[in-house]
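Subject: A structure for you to look at

Hi there,

Here is the structure I promised to pass on. Have a look around it first, then read my notes below.

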Amino acid sequence: MLYQQGDVLIESVSKLPDYAKKINTSPIVLASGVNTHSIDDVNCSAYSGDGLLFLDVKSPVVLSHKEHKPITIETGLYSVRKVREYDHFEEEIRDVED
Amino acid sequence: MSKIESLTPEQEQMLNKHRNEYLQWGLSCEPMNQDAVKATIGEMYRRIGKNVPSFWFCQSPAQMLIVISILKSKLLGANLWGNLGDNLGANLRDNLEVNLRTNLWNNLWINLGDNLWDYLWDNLRANLWGNLGDNLGANLRANLEVNLRDNLEVNLRDNLEDNLRDDLRVNLWANLWANLGNNLRSNLKANLRANFWDDLWDDLRDNLGNNLWDSDFWGQMDMFWIAYYRYPEQYLHVDYGEFSKVLQLWDTLGKSCGWWYPYENICFVSDRPEQIHRKGVQLHNDSGPAVLYRDGYALWCLNGVDVGESIVTTPADQLDANLILTTKNAEVRREIVRKIGIERVCNKLNAKVIDTQGDYSLLLLDLRDGRKRPYLKMLNPSIGTYHIEGVPPECDTVEKAITWRNQTSEKPVILT
């Protein structure tokens, strides 16, 4: 299962990696650029490790962003990552920020 | 004697204060302190057995290089430089800054006017370097700076544990170098080289090369290494012995002026800038010069790249996208694109649509340099606007571009 809200991809995973540690934050910010992609719901827990973010969604939660329509994410485990772009002038790959 | 192994909390605190203090001196825009410069450089000359020189104070490194070049040329009559050398001594010192400079400049502008540069170029191209006074650069450097550094290093090794010395180097030297040397100094140097070298001195590269452009005397921009050695002395009570006095001279000079060029009997000294604008450690000002000297010499930088005045001052919506096609420097081109915006660049330069799929198009931007630059144009389904993102040259279809962008070929169940 793959959700996409702008530059953020939420992809289902079978389990959380061992190195992922629970982080206590509210709301949960999945990505921040000019505006943030965030979940403000007690039914979702966030984990991080190795520079990655994971979600444990106990019951459906809503992902919000100012410039994108909200997405309802179903119960499950997910990894979060950004889409990427190629800068032809810097000749480098980087995460997109919107 | 046991070595110092770590800093006390107070010494840690002073390290930050010390670094900030020297950074402020390194970026100082105060007018130079001519009295301190004369006293300090005079003492340096005395220490290497040279006569105290006369001083020619300039408002910028550019003005300084022009003055030196004019004096070295035969433009103002035969052997001007030789005459200066002979007469500089005690008589000329007091008159040099006022009378001589005024006369030379008046003479130049009255006689040469718009043709100044042509004359300069022609005259400079002719044999001139051989008639010049000796440049003391190598001598001073060998006797004072390098010698000083070597001795200070030995002293530090005796007093500080390796780890602490490395910490200090990173904290002071590296940090201040990043702020002062890496961008400010190198941009100035590159700008001067670009503006003067190509126009005037191309044929003199071999002669002038390291002697003129690569002077090791940067005044305030030398603060990165001075701060490094001053900290142990000031806060860890490391005693440099006789070299402490020499370090103090460099310290005072760094707090007093900009670049300087020492010659036999005469020393040219540049003022500090009047303005320095930065974003992080990089020179940047999107509405004016990033570095401005009091004579008007300026660097126009965006994100650390010297792009020239017109690119900075022209509003983004009036900047001609075709500039990208004619600009050879990749960094300057990048800043033009950043300012104009890639969407407008693709639009203005007629990027070709090579594939479409639903709300996606793959555009190919041709900058006539033989390279493929594909861009994925896509619709934000939430607000109905299009935007463009680059994808690697190997992407030749929308499908490949999306797969590369998302790092998966799986399609999202919901996309907003």
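Across the interface of chain B and chain A, 18 residue pairs are in polar contact, counting pairs with both residues at pLDDT 80 or more. Please keep in mind that this is a predicted model. The same interface holds two salt bridges. In one salt bridge, B:Arg371 joins A:Glu91, and their closest N and O atoms lie 2.5 Å apart.

Which parts of chain B each supply at least two residues to the side that touches chain A? They are the helices α13 (330-340) and α15 (398-406), together with the strands β13 (373-380), β14 (385-390) and β15 (414-415). If you sort the residues on that side of chain B by type, you get 16 nonpolar, seven polar and ten charged.

Now for the extent of the interface. For chain B and chain A, the buried area is about 2,600 Å², and carbon and sulfur atoms give 53% of it. On the chain B side, B:Trp404, B:Arg405 and B:Thr416 lose the most area to chain A, together 22% of what that side buries. Counted by contacts, 33 residues of chain B meet 26 residues of chain A.

The two chains also share strand pairing. Strand β1 (residues 2-5) of chain A pairs with β15(B) in the parallel sense, over two bridges.

Next, chain B by itself. Chain B has 15 helices and 15 strands, and 50% of its 416 residues count as buried. Take the contacts in chain B between residues at least 6 apart in sequence: 66% of them join residues at least 24 apart.

One strand to explore is β1 (residues 54-58) of chain B, where five of the five residues are buried. In a regular strand, side chains alternate between the two faces of the sheet. Are the faces of β1(B) covered or uncovered? Both are covered: B:Ser54, B:Trp56 and B:Cys58 are buried on one side, and B:Phe55 and B:Phe57 are buried on the other. β1(B) runs parallel to strand β3 (residues 266-270) of chain B, and five bridges join them. Within this pair, B:Phe55 stands opposite B:Cys267 of β3(B).

Enjoy exploring!

Best wishes

How values were computed. Residues are numbered from 1 along each chain as its sequence is written. Chains are lettered from A and ligands numbered from 1 in the order in which they are written. This is a predicted model: local features need pLDDT of at least 70, side-chain atom pairs count only at pLDDT 80 or more; totals for chains, interfaces and linings use all residues. Side-chain values use heavy atoms; hydrogens and water are left out. Contact means heavy atoms within 4.5 Å. Buried area is the accessible area (1.4 Å probe) that two parts lose on being put together, summed over both. A salt bridge is a side-chain nitrogen of Lys or Arg within 4 Å of a carboxyl oxygen of Asp or Glu. A polar contact is a pair of N or O atoms within 3.5 Å; within protein, one must be able to donate a hydrogen and the other to accept it, and residues adjacent in sequence count only if both atoms are side-chain atoms. Helices (H or I, at least four residues) and strands (E, at least two) are DSSP runs, numbered from the N terminus. Ala, Val, Leu, Ile, Met, Phe, Trp, Tyr, Cys and Pro count as nonpolar, Asp, Glu, Lys and Arg as charged, and the others, Gly among them, as polar. Two strands pair if DSSP finds at least two bridges between them. Buried means under 20% relative accessible area, exposed over 50%, partly exposed in between (1.4 Å probe, protein chains only).
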